[in-house]
Amino acid sequence: IDWSEQKHCVYLYNEEGARLSRFEIEHSVAGFAQLERHLAKVNPEPANCLIAIETSHNLLVDFLHSRGYTIYVIAPNIVKNNRGRQGSSGAKDDDRDAQLLADILRTDRSRLIPWLADGPLVRQMRTLLSWVDDLTGLIVAQHNRLRANLLRYYPQPLTAFITLTGPIALHFLAAFPAHKELESLTFAHFQAFCHQHRYFRYDFIPTMFAHLQKPAPTLDEEIVPAYRLYTVFLANQLLLLIEQKKETIKHVNLLFDQHPDAFIFASIPGAGELLAPKLLVMFGDHRQLYPHRSVLPSIAGTAPGTVASGKSRYVKFRRGCNRRFRHTAQQLAQCSTRKSVWAASYFDQVHSRGGSKSHAYRCLANRWLHIIWTLWQTRQAYDEDYHLRQVARHRRPAEEAGFVTMN
């Protein structure tokens, strides 16, 4: 099936590669029913019909899964790389893509793994975590706009507050959006304002007030009202976005605590309230999808790719991967160095050989994925003491033989 938002192009083939039917359906209830009728004519048993499609995020996939069809999700880059099967012209249309998907499934089925839907908890967490990432992007964008706006006409808050995304800074900007409002602001008034908005770092309050009172270059007063309105809008928007992000993370953690595998990911040093659910979502519910520990590092892009031909051989950065998974794995690696003795030691060893910090974190992330995969398959929590004993046990024979291996 070659899918689109409005319609789907469908080709039916038998196992020998003979075309049985070709038709199009609308993306609607009537179209889905039409597809089911066509499939039933060829074979009334859904389990006997194998379906290839390029996405799992589609109502059509949900419909077919609910009817018991076996679905194979084939990545678009695989389809692109196999387009040479149909000729060397590089021509592309919906018909050719549908035929190619069917052909890939027919000839390469032994290398493909059927798609399996995760449980409701994982699917809800995946949606909410995607929302958290979107909110983070919006917060960063609005923060940058607010900072640029303040630099133009009102720089005092930039030095007074540690960060513009803190509640006290945003409430202050909403209440005092221009330098003119500072003229009547006394220390007692500012102190009361901080207490009102639950800011209790008493030692910082005098310093903040002193920075707010510093003189700054003046701007044409006729232009200030426009900047003032924009500052109030951005400050209020940021307050809403930050509060929404907190509530969403809280909801994610409620779902996470209900999952039977939560204890595994919560035990990883540095995972925290956000990375632990992200890791669980990346791994999913179905252990059979990742039969070997080397599969996950390839999907996450933490393992490099090797290109070898004849005498030529080089290792390159893996670009074809799940980028969100790679970002999550590298975030875990970075956070774990502050919580795990083993992780900090491994990072220092890799970084000391040369190369960037990003490379060292990627190597550490690769090791973490191997460890978490083993814990996930055996349903065990991480134990730092046990892991350190295992590292020492494997290192000792190598040292006695006169060389040292990285663990």
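A residue counts as buried when its relative accessible area is under 20%, as exposed when over 50%, and as partly exposed in between (1.4 Å probe, protein chains only). The model is predicted, so to speak of local features a pLDDT of at least 70 is needed, side-chain atom pairs count only at pLDDT 80 or more, and totals for chains, interfaces and linings use all residues. Residues are numbered from 1 along each chain as its sequence is written, and side-chain values use heavy atoms, with hydrogens and water left out.

Let us start with helix α10 (residues 205-212), where the buried residues are Ile 205, Met 208, Phe 209 and Leu 212. Viewed down the axis of α10, these residues fall within an arc of 95 degrees (taken from the directions from the helix axis to the C-beta atoms), so they line one face of the helix. They pack against α6 (156-160), α7, α8 (179-182) and α9 (187-196), where contact means heavy atoms within 4.5 Å.

Helix α7 (residues 167-175) also meets helix α11 (residues 224-258): their axes come within 8 Å and cross at roughly 145 degrees. Such axes are lines fitted to C-alpha atoms over the stretch in contact, with angles running from 0 to 180 degrees between N-to-C directions. On the α7 side, the contact is made by Pro 167, Leu 170, His 171, Leu 173 and Ala 174.

In the chain as a whole there are 18 helices and seven strands, which are DSSP runs (H or I, at least four residues; E, at least two) numbered from the N terminus. Buried residues make up 40% of the 407 residues.
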